Structure formats: structure tokens, C-alpha cells
Amino acid sequence: MLEGLHPNRPTHVFRITTDERSARAMTDMIGEIFDPAETAVASFETEDGGPWMLEAYFAHQPDEAAIRSLLRPIVGAEADKGVFLPLEQKDWVKASLEGLKPVRAGRIFVHGSHDRHERRTSDVAIEIEAGLAFGTGHHGTTKGCLLAFVDELKTRTPRHVLDVGTGTGILAFAAAKVLKRPVVAGDIDPEAVRVARENARLNGIGAFMKLYVGPGIRHAEADRAGHFDLVFANILAKPLRMLAPSLARVASPDGTIILSGLLARDVPGVLSTYAHQGWYLQRRYDLDGWAALVLKRGSARPQPRQ
């Protein structure tokens, strides 16, 4: 999943500094209007208590006037102060690698090659080079899913795992390394799957990965009714709602679905959609403005937020 990070081979970026409320509102608007395969947007605090920055990355040259017009109802004339910049691929690769800091979720440790020395002997280590990939574990959505997986392992050991919208492959890799079992993982973007395959080889788990290119579960490895007792789907709110019937169908009767790629405002609508399929919230994780949801069949009593 793009999960608010850069689309594959971005060519342009738009940046604007504003207050938190406006940054979040613009993030929501751009995320809803533009194709997530072509555009990705994120907002963040530039310093403690300071202004917020919105960054939107585009796979093609954007219509600058149209974007400013979209944002004026939120920030007024400040929309004209936003800056559009072209991106060079080599500069993005360098920046991605420099920004890749280690992330820990329980024993799961996601790192770049330059941080191998920080691994502990008990770690389930996953090495990722950012490159042109996405889903490096540093975004709140991926880390939320990893934390949910770690907690799931405290009560059960899944046998059949599916990762829909795998991106770089981190969630699938974590499952394969911990469970030492084959994991099915797919993405609509062939480049994402190519990168995931390379990352799997790098981590010595290529034999465990059953990777496919396709939307949702549209592949023989994934479209298996009642087969998966753990399903990851770290995408975005709209495709998660659309996927609800198919994910519910391939999940086992006693299985778990872990969803992310959700802003807090997205959660009620997504939960309502899955409730119609018989799935209810068991746990919720909130990180960096994003939510990860753990769903079970039946009327599981929600536990406090993490």
C-alpha cells in the first residue's frame, strides 16, 4: 500500500506549511479526490508545537492551478504560497535511504543495511532498503499492523496468512519469519511485487513468499474461501470498504482481519461496512494520526485503544 508515502517513481511534490487543522483537512481532501496509485499525501508537525507541513507526491506533473483552487476553501490565499517542485529519481532514492530509521514492534525489528549493528540476538529482523518502494514500517499504519500482529501471537498461532496490498512486503515478511510458514501476499502494482520479491530474497525468506500481482484477492493463491486465519489489509479507507465482502469470504470462521491505512475519521464507516459482513472490532491501535483495527467474527468486546 502507498499508506501516505510516495507513489512509485514520483515526478513532482507539492509542499505547504500551515496549521494542524488545515493540514489534516487538506490531507483528507487530496486523499479522497486523487487516485492513490498516482498521488500520495501526508501531513506532519515540523517541530514540537510548531507549524505543520503537507506534502503531496504525484506520479505525473499536476495541474497546479486546479490544486490551488481545491485548497483555497480550506486555507484561503495561503494556497498560493504552496510550492510545486520537480523530483529527480536519484535524489529521492538518496533521501529515502537516509530517512530509513530502525523501527521496533515487540521483537520485530525493521531496519536498513546501515543499522544492522542495532539488531539484538532475539530480534525477528527485517532488512529493507527504501529505494523506490513504500511501506517501510515507519508510517503509523504499518507499525500499527505489526503491533497488532505481535499481540495476536500472544493468544494464537496463525497457520495461513494473507497480506492484501503488500507494498514492500513487511507485514508478510514478519508473518513468514515468525511463523516459519508460507505467506500469500499481493499488490496491484507490479513494481511493488518486484520490490517485495527482492526484499524477500534479501531476508532469506523467498521460499516462503507466494507473491502475486492483482487487485484485492483476484488470484488463485488468495481467492480461497474460509482458508486464511490471519488477513492483513493495509491500504486506504475506500478500497478497504470495497474489499469487505471478499476479505470476509476468504477469512476462516475463527480468523482475524487486521486493517489499516485509516485516518480516525475513516474508522466508523469501515467498521460499519465490516459489521455487515459479521466482523467486529476487538482491538484498535492509534499511531501518528492513523488507526489499525483488529476484527473478529461475532460480537467481540472491544479492548482499550493502544
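In the protein chain of this predicted model, confidence is lowest in helix 3 (residues 89-98), with a mean pLDDT of 50, and highest in strand 8, with 98; pLDDT is the predictor's confidence in each residue, on a scale from 0 to 100. Over residues 1-7 the pLDDT is below 50, although this stretch has 40 contacts in the model beyond near neighbours in sequence, a contact being a pair of heavy atoms within 4.5 Å. Residues 131-138 also have a pLDDT below 50, and there the model shows 42 contacts beyond near neighbours in sequence. Where pLDDT is low, the predicted coordinates should not be read in detail. For the protein chain, the mean pLDDT is 86, and 86% of its residues reach 70 or more.

Because this is a predicted model, local features need pLDDT of at least 70 and side-chain atom pairs count only at pLDDT 80 or more, while totals for chains, interfaces and linings use all residues. Residues are numbered from 1 along each chain as its sequence is written, and side-chain values use heavy atoms, with hydrogens and water left out.

## Overall make-up

The protein chain holds eight helices and 14 strands; helices (H or I, at least four residues) and strands (E, at least two) are DSSP runs, numbered from the N terminus. Of its 306 residues, 53% count as buried, where buried means under 20% relative accessible area, exposed over 50%, and partly exposed in between, with a 1.4 Å probe and protein chains only. Among contacts between residues at least 6 apart in sequence, 66% join residues at least 24 apart.

## Strands and their pairing

An open sheet of four strands has the order 2-3-1-4, with antiparallel pairing; two strands pair if DSSP finds at least two bridges between them. Strand 2 (39-45) and strand 4 (83-86) each have a single partner strand and stand at the edges, so one side of each is left without a neighbour in the sheet. Neighbouring strands here are turned by 20 degrees against each other on average, direction ignored. Helix 2 (residues 64-75) packs on the sheet, where it touches strand 1 (12-18), strand 3 and strand 4, and its direction makes about 20 degrees with that of strand 1; axes are lines fitted to C-alpha atoms, for helices over the stretch in contact, and angles run from 0 to 180 degrees between N-to-C directions.

| Strand pair | Sense | Bridges | Facing residues |
|---|---|---|---|
| strand 2 and strand 3 (residues 52-58) | antiparallel | seven | A40 and Y57 |
| strand 5 (residues 103-105) and strand 6 | antiparallel | three | R104 and F109 |
| strand 6 and strand 7 (residues 124-127) | parallel | four | V110 and I126 |

The hairpin of strand 5 and strand 6 has two residues between the strands, and in it G106 takes a positive phi near 65 degrees. From strand 6 (residues 108-111), I108 and V110 point one way and F109 and H111 the other way, and all of them are buried.

Leaving aside neighbours within four places in sequence, F232 is in contact with residues including F149, V164, L171, A175 and I258.

Helix 5 is mostly covered, since eight of its ten residues are buried, and F173 and L179 are among these.

## The surroundings of R156

R156 is found in the loop between helix 4 (140-152) and strand 8 (161-164), and it counts as buried because its relative accessibility is 19%. Not counting residues up to four places away in sequence, R156 touches D229, D254, G255, T256 and K296. A polar atom of the R156 side chain lies 3.1 Å from the backbone oxygen of D229, and the side chain of R156 makes a polar contact with that of T256 at 3.4 Å. A polar contact is a pair of N or O atoms within 3.5 Å; within protein, one must be able to donate a hydrogen and the other to accept it, and residues adjacent in sequence count only if both atoms are side-chain atoms.
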